[in-house]
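I opened this model to look up how its chains meet and how some of them are built. I keep the entries brief and in the order in which I made them.

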Amino acid sequence: MAGITFKNVVKTYDNGVTVVPNLNLEIKDKEFVVLVGPSGCGKSTTLRMIAGLESISDGELYIGDQLMNAVAPKNRNIAMVFQNYALYPHLSVYKNMTFALELAKVPKDEMNRKVKWAAEILGLEPYLDRKPKALSGGQRQRVALGRAMVRDPEVFLLDEPLSNLDAKLRTEMRSQISKLHKRLGTTFVYVTHDQTEAMTMGDRICVMKDGIIQQFDTPQNLYDYPCNLFVAGFIGSPQMNFIDAEVKKAEGGYKLCFGEAEVTVDKDLAAYEGKTVICGIRPEDLHAEKQFFGEGNMIDAYIDLDEMMGSESYLYLKYAGQKMIARVPARYAKKAEENISLAIDAEKVHLFDKDTEKAI
Amino acid sequence: MLNKDKSKIKEISYAKWGYIFIAPFFIAFTIFQLIPLAQTIYYSFFEYYRSGLTIIGPTPVGLDNYKELFNSDFLKYAGNTVILWVAGFIPQIIISLLLAAWFTDVRLKIKGKQFFKVVIYMPNLIMASAFAMLFFALFSENGPVNASLVSMGILKTPFRFLASVKGTRGLVALMNFLMWFGNTTILLMAAVMGISPSLFEAAELDGCSPRQTFFRVTLPMIRPILVYVLITSMIGGLQMFDVPQILTNGKGSPDRTVTTLIMFLNNHLYSKNYGMAGAISVVLFIICAILCLLVYFNLNPTENDRKIKRRDRFKPRKEAING
Amino acid sequence: MDKKPSHARTVIAYIVLILLTFLCLFFFYILVINCTRSHQQIQAGFSFLPGSSFAKNFNSVIHDAKLPVLSGIKNSLIVSACCAILATYFSALTAYGLYAYNFKLKKPAFIFIMLILVMPTQVSAMGFLNVITKLGMINTLYPLILPSVAAPAVFYFMYSYMQSSLPLELVEAARIDGSNEFHTFNKVVIPIMKPALAVQAIFAFVQNWNNYFIPALVLQENSKRTLPILIAMLRSADFLKFDMGKVYMLITIAIVPIIIVYIALSKYIVAGVALGGVKE
């Protein structure tokens with residue numbers, strides 16, 4: 001089994017555009033790593049470099065402890081699931097799954113055994129003789145997974161495999177892929193632009209932007225301790241609120257002042273005293289329940305728009321000239337064009353430097 | 001620090017496969033088209049012909065061949081070619097536009113469209129030489145056409161089509177028309193069907209009559225493909241050979257009024273006058289090269305919006321081929 | 001108010017269509033009728049009913065010592081079939097090379113092919129004769145077959161078809177599955193291209209079946225000649241002495257097989273014309 005290591009990897013296209021300037025990344029054996037980021041952030045390119053579909057301009061790529069830069073895709077012992085499934089349209093499901101095995105001259109009975117095994121896990125047994133055209137999107141997706149499974153790869157690469165499915169099927173396939181990872185116990189590298197997929201599936205998540213890794217950590221840590229403004233904004237839905245606040249000295253610490261709110265935080269902000277910082281507050285850390293109300297952490301905001309989601313409500317607020325979103329239990333919510341009093345959970349406030357956008 | 005080591009690490013590249021895959025095309029093209037073209041141009045500056053069993057030349061003569069060419073009947077043959085092409089193309093484009101408009105008009109419920117399409121395209125697949133031979137037999141002095149016309153009382157005596165300039169040219173134009181109008185119709189139809197139906201619906205709501213819709217919506221929209229049809233048809237016209245050659249047995253009779261440029265070239269090739277054949281070819285090549293450039297810019301317009309339109313139009317749709 | 005002009009237009013449309021259909025079919029009708037009649041019957045005048053001399057005409061064409069019809073059919077078949085195979089396979093290969101790979105000369109190569117897309121072969125005929133004479137190919141079928149490897153119009157069709165029907169992911173999937181590039185082309189790309197290959201194969205076949213100019217220059221021996229040349233020979237023979245039944249029969253032999261194939265595959269061919277756009 002194998003981990004994956006990028007050492008100072010650079011990817012520059014023939015037209016001179018550098019999409020990955022300098023990548024250092026270590027993926028452990030048997031880990032489920034999700035590469036996430038907005039489109040054009042280099043996540044797919046990174047995955048395709050692991051697959052050998054993109055050449056590496058500079059630096060070293062190891063799978064296990066073998067240098068892979070010049071190794072052809074077929075010799076890397078990897079399997080890949082593509083966004084559009086990339087099933088061979090002229091071959092049956094069975095033949096699609098055995099295509100690689102036939103090329104590797106795997107004996108017939110072993111081939112049958114492997115296909116049977118994969119088809120059983122994925123529930124594809126009734127469809128083995130069908131052509132991809134005659135399958136639904138979800139079934140095609142499972143065939144693509146099956147085709148990867150029968151090869152017993154050391155690394156599974158998945159490139160936005162769920163983006164062509166409808167919402168319900170996506171949730172279902174998400175858990176199926178997670179289960180598959182546990183069952184197979186191989187390394188999974190999964191690319192997506194959807195932070196929900198990333199959060200629910202990954203052991204560790206690698207957030208990328210402009211070809212640079214922003215943060216590589218567990219979902220919980222990404223959520224609780226985003227290292228910069230970008231990660232903070234990318235992870236979590238609805239998005240974290242960013243508010244400009246002035247840092248003032250208070251007794252026993254410092255306080256963040258914006259509008260009438262003066263939130264006291266337990267952090268050493270001596271360096272920022274008198275300056276403006278960006279204060280990140282997650283929508284769920286704005287509380288409408290009375291038990292959170294206290295001194296200084298209160299805001300009295302005007303509701304622009306309210307979105308009732310059932311058990312909770314998203315309130316689009318205006319406060320002190322800045323826009324905010326709050327996510328409050330439905331029974332505490334108010335309607336649009338009303339004012340609401342909300343308490344800020346001071347312990348969960350994230351602070352970012354206004355110039356470097358890094359977490360303080 | 002490790003840069004020197006690193007540069008030794010090979011990267012995987014598939015570029016060489018691109019070269020390997022396109023190599024056969026370019027090799028074949030070089031051997032059978034490019035080198036011949038170069039030779040053709042080269043010998044056009046030489047005196048190089050066969051007289052009896054002796055070969056004269058090759059001796060360089062500069063532009064003499066071209067001077068001789070323009071002093072010969074070249075211009076007359078060029079005129080013939082143009083007349084024959086125009087006489088066939090005008091009815092071809094008019095009928096094709098008309099049919100394309102009718103076939104794509106939803107308000108005209110023409111039955112058996114598929115049948116008509118199959119029938120009108122058929123002459124295009126016919127061996128031109130056999131077609132010409134057939135016309136020759138049918139329109140000869142005592143052929144079935146004259147026989148019918150006489151027996152129906154339209155003519156008193158058989159009309160010698162192939163002895164009259166108008167008759168012969170008319171027959172060539174008729175054959176060219178018959179062979180190509182179906183092809184053009186189908187191309188134009190495809191172009192019209194590529195126009196979004198909502199555009200026609202909008203025109204109808206705006207109160208356009210079918211005629212107005214045709215001139216104000218359909219025609220402007222299919223202009224690129226009309227240009228394409230025009231240019232390719234011109235190139236086809238320049239290549240005109242089989243029909244007049246067989247119909248007149250290579251003589252271009254009466255009085256060489258249907259001798260086309262390629263027939264002229266063919267005569268020089270047969271008599272092995274390579275210098276003159278080269279000169280004719282070069283002139284033809286220059287004309288074709290200009291037309292090729294026009295096709296190229298028509299198919300690859302520089303403006304982005306037209307490019308998109310173009311792509312859509314020429315993109316084969318799989319379903320359409322499958323049935 | 002709206003319906004009446006529409007109705008009148010429909011009638012006019014039908015009249016024009018029927019006239020054109022008549023024009024297209026009538027000559028072939030006479031041809032088929034006349035090839036079944038004897039020389040005397042044909043000379044006596046036109047008839048709408050077939051005669052009974054089909055077999056006789058057929059035999060006299062087949063057994064004419066001066067007109068090697070059987071070998072003509074054979075040569076035409078060989079040339080057309082080989083051209084169809086070469087033109088489609090190598091055009092697909094070229095299109096694939098330019099579609100699936102990135103290399104320095106990709107764009108110049110593509111522009112070059114687009115520039116020569118509609119360049120007629122006649123303009124280089126003189127040099128062509130020279131070259132094939134030097135290669136010792138004169139009076140053989142090779143110079144009629146081999147140039148089909150470079151067929152720009154077929155290339156363009158294949159390229160457009162790939163753009164719409166061959167996702168590059170499929171090629172990458174095959175690469176990961178361990179397929180080498182040729183294997184991918186033959187086992188993945190070619191099957192996907194089948195509809196396009198079929199349409200273009202038909203066109204290439206017909207085009208070469210009908211080709212007259214180059215074969216007439218290249219083929220000098222009777223036994224090597226293709227059908228169009230035989231028809232030209234018939235034309236240049238002393239026509240008045242000829243058995244007209246035989247003339248019509250030879251034309252029938254040259255034309256009818258194509259028509260039969262055409263009618264059988266007309267659906268695909270007509271669709272192919274519409275899609276191709278580019279065809280000489």
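Predicted model: local features only at pLDDT ≥ 70, side-chain atom pairs only at ≥ 80, totals over all residues.

The entries below go from a sheet to a whole chain and then to an interface.

Entry on the sheet of chain A. I found an open sheet of 4 strands in chain A, which run in the order 2-1-4-5 with antiparallel pairing. The edges are formed by strand 2 (18-27) and strand 5 (66-67) of chain A, each of which pairs on one side only.

Entry on chain B. Chain B has 323 residues, of which 43% count as buried. Turning to the contacts in chain B with a separation of 6 or more, I found that 68% of them are accounted for by residues 24 or more positions apart.

Entry on chains B and C. Which residues did I find in contact here, and how many on each side? On the side of chain C there are 89 residues, and they are in contact with 86 residues of chain B. Helix 13 (residues 244-276) of chain C gives the most to the side of chain C that touches chain B, namely 18 residues. Sorting that side of chain C by class, I noted 62 nonpolar, 21 polar and 6 charged residues.

How values were computed. Residues numbered from 1 in each chain as written. Chains lettered and ligands numbered in written order. Contact = placed C-beta atoms within 7 Å. Helix = DSSP H or I, 4+ residues; strand = E, 2+ residues; numbered from the N terminus. Nonpolar A, V, L, I, M, F, W, Y, C, P; charged D, E, K, R; others polar. Pairing = 2+ DSSP bridges. Buried ≥ 20, exposed ≤ 12 C-beta atoms within 10 Å, placed from the backbone.
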